[in-house]
Every structure is written in C-alpha cells, then in structure tokens.
Amino acid sequence: MARAYSDRPLTPGVVTIWYRAPELLLGTKQYTPAVDMWSAGLVLAELIHSEPCLTGETSIDQLSLILKLLGSPTLDDLSALSVMGCPDLIQWRRDALAFGRPDNLERRFLSASSVKTISMLRGLLTWHPQARWTASEALGRGKGKLPVRGEEWWMESPRAIEPELLPTYPEVRNGTSLKGLQHRGKDADVEVAQAGLGAPKSQAGTYVFDFEDERTVHRPSKRPRAR
C-alpha cells in the first residue's frame, strides 16, 4: 500500500494480481499492511529464480497456484479469512479448495537458496494475514523469536550492499564518455571533477545520457535566439 490507510472499507482491487495476497483475491475490503508483506515475499521468490513465482490470470487461478505452493490452508487460516469478511471465501471453499495439499516451498526454492531463505519466505507467505511477519520482524528489528530469524537471513552471505556502491549506467557528460569513471561511492563526483569532465553531480547542469551506442552522443537541440 502506497499511502496511509484507516480502519474503513478499502478496495480489494489493489496490487498486480501476481502479487496479490489471498485475502485480496477473496475480495476482503478490510485489510492491513500484511498485504504488502505478502507481495515482498513473492518479490523475494522471484529474485531467487529470476522469474515471477505465481502467474495466475484470474483470482481463482491465482489461488490455485498459491495452494500448490503453500499447501492447503488450515482451519485457523480459513477462520481468519472469514473474520476479515472475504465475500468469495464460501464459494471458493465449495468449488475450488482442495484439502490435504502439502507445502512445496522448500522443494521449489531450497536448491537455489538456503534454509534461512526458506524461513524468510515462510514468514512472508502465509495464508493467515495476522501470522505474516511484519516489516520490522522481517528486518530483524525488535525482540522475540521472529525478529531473530529475520536478522539471521540478513546476516547471510552475500551481505546487502551499501546503496552508494550500487553500479550505475554508463554516462556521457558534455560530450565526453565517463565509462572509465564508474561511480564507486561518495568519491565518484570528486574523480569526475578532477578529471576535468564537468562539475560534480550536485553542481552540474544538463546531462546527456546515451544507452544505445557509445559512439553516438545525442546532444540537446539549441533553442533559437529571440530577435
């Protein structure tokens, strides 16, 4: 959810269907930030295999894929969804819900990840909205068993990289290629300035970017002078 919410009816038609939580697929209008944690879990699953995890075309199709991945919901899970006022729950239970399905998270992801990654996925991808990890728990903040398990995942190798060390696109500034001066943190602008290739980023004017061919520089057209 991209904005603040309150305890009032909300539209269930939020989030792309591939990343939509079960309670949204079942039509509830009383949901919480737990729907975001579900989406985060599917993004993590997508990163592991470099492809979307659940690609249903309709709500029922998406629920069937969730069922194959997580196994059948327990009676407690169904009770929690019922309390949330999911209008499509009764029909889904009658027409499409299969009981006794096993959990396939480990079988699907363990070979490409780790036991701690599976633990993180289990915390984020649960039928029961109130049982999903919160953002603080997933980040390993706070006291208790769940934050500890979340922190263990973040401590795994490879560790998270500092934002300023992330790679950048090749850049052309003032007609000169800066391919040899890849951004390497806070000193990148200083290196550019010392090389005489323009002012630091904070002082520069118009940039010209070229993502197609390094030999081709697309220059901005000049505005004709007023007479």
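**View 1. Trp127 is a buried residue in a predicted model.** Trp127 has 4% relative accessibility, so this residue counts as buried (under 20% relative accessible area, with exposed meaning over 50% and partly exposed in between; 1.4 Å probe, protein chains only). Trp92 is also buried, at 3% relative accessibility. This is a predicted model, in which local features need pLDDT of at least 70, side-chain atom pairs count only at pLDDT 80 or more, and totals for chains, interfaces and linings use all residues. Residues are numbered from 1 along each chain as its sequence is written, and side-chain values use heavy atoms, with hydrogens and water left out.

**View 2. The rings of Trp92 and Trp127 form a tilted pair.** Two aromatic pairs are counted (rings of Phe, Tyr and Trp, the last by its six-membered ring, with centres within 6.5 Å; planes under 30 degrees apart are stacked, over 60 edge-to-face, and the rest tilted). For Trp92 and Trp127 the centres are 5.7 Å apart and the planes stand at 35°, so the pair is classed as tilted. Trp92 belongs to helix H5 (residues 89-95), whereas Trp127 sits in the loop between helix H7 (115-124) and helix H8 (135-138), so the pair ties together parts 35 residues apart in sequence. Helices here are DSSP runs (H or I) of at least four residues, numbered from the N terminus.

**View 3. Trp153 and Trp154 form an edge-to-face pair.** Their ring centres are 4.8 Å apart, with 80° between the planes. Trp153 counts as buried at 19% relative accessibility, whereas Trp154, at 35%, counts as partly exposed.

**View 4. Arg94 and Asp95 meet in a salt bridge.** The N to O distance between these side chains is 3.3 Å. A salt bridge is a side-chain nitrogen of Lys or Arg within 4 Å of a carboxyl oxygen of Asp or Glu, and the count by this rule is four. Asp95 is exposed at 52% relative accessibility, and Arg94 is exposed at 60%.

**View 5. Asp103, Glu106 and Arg122 are linked in a network of salt bridges.** Arg122 meets Asp103 at 2.4 Å, N to O. This pair links distant parts of the chain, with Arg122 in helix H7 and Asp103 in the loop between H5 and helix H6 (105-109), 19 residues apart. Arg122 also forms a salt bridge with Glu106, where the closest N and O atoms are 3.7 Å apart. Glu106 lies in helix H6 and Arg122 in helix H7, so this pair ties together parts 16 residues apart in sequence. Partly exposed residues here include Arg122 at 32%, Asp103 at 37% and Glu106 at 42%.

Key:
Helix = DSSP H or I, 4+ residues; strand = E, 2+ residues; numbered from the N terminus.
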